[in-house]
Amino acid sequence: MKNTVQPIIATTARTATTEQLLEPKQERAARTRAHILKFAAELFSEQGYQRTSIADVAKRVGMTKGAVYFHFKDKDDIAIAVVEAHYQRWPMLLDKVKALELDPLATLCELLDRMARAFRDEIVVQAGSRLQAERSLINTSLPQPYQDWIDRLTPLLAEAQEAGQVRTDMKAEALARVLVSSFFGMQHISDILHGRADLAERWAEVRTVVLGALSPR
Ligand code: LUB
């Protein structure tokens with residue numbers, strides 16, 4: 001019996017550190033899942049949904065396909081998780097900006113500035129954006145795009161209107177739709193033409209014109 005147990009432990013020990021062996025199973029599974037998502041996001045961002053396979057993900061992660069399937073039912077399951085991770089970034093970002101306790105318009109500007117940096121720098125945001133652009137090619141229901149941002153910016157704009165910082169001849173929700181449409185188009189064109197390398201400059205242009213147009217009449 002001792003011999004039967006020993007090779008299993010020895011084999012496991014050869015492929016895992018002591019810390020990993022002692023890590024609670026749930027934490028190890030969560031860490032592995034996040035690891036898979038990160039590399040799957042790289043592939044979705046680089047080559048899109050259709051050209052990415054579970055085999056590609058397994059190879060990029062350095063795991064077997066079976067190990068990936070342990071964490072995700074199929075490629076659609078991974079795509080949904082990447083898009084969900086994309087959207088989970090935004091409430092976290094808003095909480096950080098609100099903690100700065102800026103005035104309403106400054107809060108809106110800081111949030112949009114940080115979003116622009118996230119689209120330029122964060123692979124999960126880039127991958128979530130590309131998957132949403134390819135949503136008609138993906139045979140599963142992805143989270144609804146754009147509406148969260150319209151709903152998130154509307155109260156910020158309403159607060160800025162109440163503070164006399166933003167025009168009141170248009171509803172806050174309409175102004176939020178204009179901001180989301182402008183931001184989406186800006187980051188999309190930057191992505192298609194320059195892989196978002198010029199996103200900071202393109203955002204600065206949109207910011208100047210669109211935020212200027214928000215001024216009280
Ligand atoms: C944003 C994208 C890319 C909207 O909210 C979304 O769904 C978005 C991905 O679908 O840009 C602009 C903030």
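1. Start with helix H10: in this predicted model, H10 gives the largest share of the shell around the ligand, 4 residues. The elements that put in two or more residues are H6 (75-98), H7 (104-121), H8 (123-133) and H10 (172-194).

2. What sort of residues make up that shell? By class, you'll find 9 nonpolar and 4 polar residues, and no charged ones. Of the 13 residues around the ligand, the nearest are Tyr87, Met115, Gln132, Tyr146 and Trp149.

3. The side chain of Tyr87 has an N or O atom 2.5 Å from an oxygen atom of the ligand. With Tyr146 the backbone is involved: one of its N or O atoms there lies 3.0 Å from a ligand oxygen.

4. How much of the ligand does the protein bury? Taken alone, the ligand exposes 340 Å², and 99% of that is buried by the protein. As for where the ligand is, look in the largest cavity.

5. A quick check on H6, one of the shell helices: its 24 residues should span 34 Å at 1.5 Å a residue, and the end C-alpha atoms are 36 Å apart, so the two values agree. While you're at the start of H6, have a look at Asp74, where a side-chain oxygen reaches to within 3.2 Å of the backbone nitrogen of Asp76.

Note on methods: Residues numbered from 1 in each chain as written. Predicted model: local features only at pLDDT ≥ 70, side-chain atom pairs only at ≥ 80, totals over all residues. Heavy atoms only, no water. Near = heavy atom within 4 Å. Polar contact = N/O pair within 3.5 Å; in protein donor to acceptor, adjacent residues only side chain to side chain. Areas by Shrake-Rupley, 256 points an atom, 1.4 Å probe, with all protein chains shown as cover. 1 Å grid on protein atoms, 1.4 Å probe; cavity = no way out; pocket = protein on both sides within 12 Å on 5 of 7 lines; lining within 4 Å. Sits in = over half its atoms within 2 Å of the grid points. Nonpolar A, V, L, I, M, F, W, Y, C, P; charged D, E, K, R; others polar. Expected span 1.5 Å × (residues − 1).
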